[in-house]
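Keep the viewer open as you go.

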Amino acid sequence: MGKSNELNYTTLFDAQGECFGVLVSPALWEHLKGDAEAHIGHGCEPEQPPEPLAEWENLKSSWDFKYPIDTDVQCGVCGASTEDWEKDDPRKFRLKTANFTGIVSFQCLQCKARILKRHFTDKITVETQPYQETKTYKFDAYKGR
Ligand SMILES: [Zn+2]
């Protein structure tokens with residue numbers, strides 16, 4: 001049979017009978033390649049540190065701002081937005097930092113921009129910083145206060 005032109009695959013098993021891979025025919029690979037590369041692109045991103053959820057919980061439990069806990073996030077770059085970032089499935093934003101002084105930052109999972117929310121006593125300021133390959137974050141702190 002002319003195998004390379006057929007859409008087929010072979011599941012590979014080790015001696016213990018555990019599946020350790022799948023061999024796809026070149027013809028099938030042509031169909032899958034785009035998807036596979038998209039997945040690999042996500043999977044191969046630098047190891048992300050875990051979300052600092054404990055710090056977020058700390059901030060919430062010591063909340064002494066004059067407004068309710070805010071859970072909404074908007075990306076000023078690509079326009080992604082959520083009412084409650086923790087409840088999204090799949091998540092649109094990833095918590096990057098949560099600081100008891102009221103600075104909470106997120107990464108937009110769509111365009112990688114960094115969204116920085118600063119909680120002041122009576123207001124919140126939000127700043128979106130477009131993703132930069134160089135990882136030089138600039139914090140022009142308290143601009144416009
Ligand atoms: Zn975005």
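First, some ground rules. This is a predicted model, so local features need pLDDT of at least 70 and side-chain atom pairs count only at pLDDT 80 or more, while totals for chains, interfaces and linings use all residues. Residues are numbered from 1 along each chain as its sequence is written.

**Layout**

The protein chain has two helices and eight strands. Both kinds of element are DSSP runs numbered from the N terminus: helices are H or I with at least four residues, and strands are E with at least two. Reading from the N terminus, the order is β-β-α-α-β-β-β-β-β-β. Of the 145 residues in the protein chain, 9% are buried. Buried here means that 20 or more other C-beta atoms lie within 10 Å of the residue's own; exposed means 12 or fewer, partly exposed is in between, and C-beta atoms are placed from the backbone. As for contacts (C-beta atoms, placed from the backbone, within 7 Å), residues 24 or more positions apart supply 29% of those with a separation of 6 or more in the protein chain.

Two strands count as paired if DSSP finds at least two bridges between them.

Here are some of the bridge partners:

| Residue | Partner | Strand of the partner |
|---|---|---|
| Thr11 | Val22 | strand 2 |
| Ser105 | Leu116 | strand 7 |
| Leu116 | Glu127 | strand 8 |
| Arg118 | Thr125 | strand 8 |

**Hairpins**

Strand 7 (residues 114-119) and strand 8 (residues 124-129) run antiparallel over six bridges, and a hairpin of four residues links strand 7 to strand 8. Strand 6 (residues 103-108) is tied to strand 7 by five antiparallel bridges. The hairpin of strand 6 and strand 7 has five residues between the strands, and Lys112 there has a positive phi near 70 degrees.

Strand 1 pairs antiparallel with strand 2 (residues 19-24) through five bridges. Five residues lie between strand 1 and strand 2 in their hairpin, and Gly17 in the turn has a positive phi of about 85 degrees.

**Core and loop**

Which residues make up the largest nonpolar core? Val73, Cys75, Trp85, Phe93, Phe106, Cys108, Ala113 and Ile115 do, eight residues in total. Such a core is a set of buried Ala, Val, Leu, Ile, Met, Phe, Trp, Tyr and Cys residues joined through C-beta atoms within 7 Å. Setting aside neighbours within four places in sequence, Ala113 has contacts that include Cys75, Cys108 and Tyr131.

Lys87 lies in the loop between strand 4 (81-82) and strand 5. Lys87 counts as exposed because it has 9 C-beta neighbours inside 10 Å. The C-alpha atoms of Lys87 and Thr71 are 9.4 Å apart, with 16 residues separating the two along the chain.

Technical notes
Two residues are in contact if their C-beta atoms, placed from the backbone, lie within 7 Å.
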